2 protein chains.
Amino acid sequence: MTDLRDANAIVSFLRELRSVRRFRPGAIPRRVVEDILEVARWSGSAMNLQPWEFVVVWDRRTLEDLFRLEGYAGHLAGGAVGIVLVMAWERIEQETFDEGRVSERISLAAAAHGVGSSVGWFVRGGRDTAKKTLIVPPERLVRTAISLGYWEETSPPGRPKLRQGRKPFSGMVHEDRYGQGPPDGQT
Amino acid sequence: MTDLRDANAIVSFLRELRSVRRFRPGAIPRRVVEDILEVARWSGSAMNLQPWEFVVVWDRRTLEDLFRLEGYAGHLAGGAVGIVLVMAWERIEQETFDEGRVSERISLAAAAHGVGSSVGWFVRGGRDTAKKTLIVPPERLVRTAISLGYWEETSPPGRPKLRQGRKPFSGMVHEDRYGQGPPDGQT
């Protein structure tokens, strides 16, 4: 991957990942979901504890039950499949960080297959209900649901560009000390 | 990216990312670091709050100061450059998750350029000292440091394969309900 052409292709791919909340109908082949989970399985984690399990939700009724729960996982309604993360709930700070890492990998692996994704959270009581819905043991944490589906060809409505914009580099990147720009002459 | 050949190349790339803790000497060009941060800048975050800033640490003495701090960022000592994440510290749960997402992107963008990386955390007093070292305002959180450097050609010693192994799929992946495997005949 040190070849510049490859680097550019990968970097473009990484930079272009956007969350997709509106999906077109269409089942995702099982081999694609398995491939995505294989990438997830190899994610890094603190002390390599791999504090995650995955519930793949294909069942339409279950997806609809989940999308109604308190939180931000309404996009599950339109997805072809949902992946719900089940966390060990032992070292909460590290696990929350690692959960972010593995979620990012799932979204990227999906995109590699042309599959859009959206990451959402259950909050408050939604977490307990999600756990009951999926028969997850009480000592585990259920917080994150990722919906997967093929994206609409057209740009989704109601998502103005600004919402997906990013802050500029200046003020976000500092050098050697906070509040310090690039030193003169440094290359 | 829907082409199967592309999908396989990207998926292999994602799956093969490993943390690298032993680097060979060699400066990383500024344009590569900027490219990595450009990928980071476009990471997704809760409500698109982008709760991160980045301190790029090129200065050798500063890297050495940081690697001695309480925590797991000793790998900074051997890196050509360190990226320290400065978080808004306003919505701690979401930010911890988003910090994991952006860290994963940084590692992947680095790997696309043939640059190895390792994600480490400052803990307890190490966080305050890191903040003082980098002159970060007290109301921000400094927790994660990512070291970047070209990796050694040979497999690093002291890292037996088992340490980098992963749990098997079975028991980690469930279908529709926790504890449930694939239903008969489902494709």
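## A loop residue in chain B

In this predicted model, B:Arg124 lies in the loop that joins β3 (115-121) to α5 (125-133) of chain B. The backbone of B:Arg124 has a positive phi of about 45 degrees, although B:Arg124 is not a glycine. Is B:Arg124 buried or exposed? B:Arg124 counts as exposed because 10 other C-beta atoms lie within 10 Å, and a residue is called exposed if that number is 12 or fewer.

## A loop residue in chain A

A:Met47 is placed in the loop between α2 and β1 of chain A, and A:Met47 is exposed, with 11 other C-beta atoms within 10 Å.

## Where the chains touch

The contact between the chains draws 62 residues from chain A and 62 residues from chain B. On the side of chain A that touches chain B, the elements giving two or more residues include α1 (4-15), α2 (30-41), β1 (52-57) and α4 (92-112). Which element gives the most to this side of chain A? That element is α4(A), which gives 14 residues. Sorted by class, the side of chain A that touches chain B holds 28 nonpolar, 15 polar and 19 charged residues.

Definitions and conventions:
Residues numbered from 1 in each chain as written. Chains lettered and ligands numbered in written order. Predicted model: local features only at pLDDT ≥ 70, side-chain atom pairs only at ≥ 80, totals over all residues. Contact = placed C-beta atoms within 7 Å. Helix = DSSP H or I, 4+ residues; strand = E, 2+ residues; numbered from the N terminus. Nonpolar A, V, L, I, M, F, W, Y, C, P; charged D, E, K, R; others polar. Buried ≥ 20, exposed ≤ 12 C-beta atoms within 10 Å, placed from the backbone.
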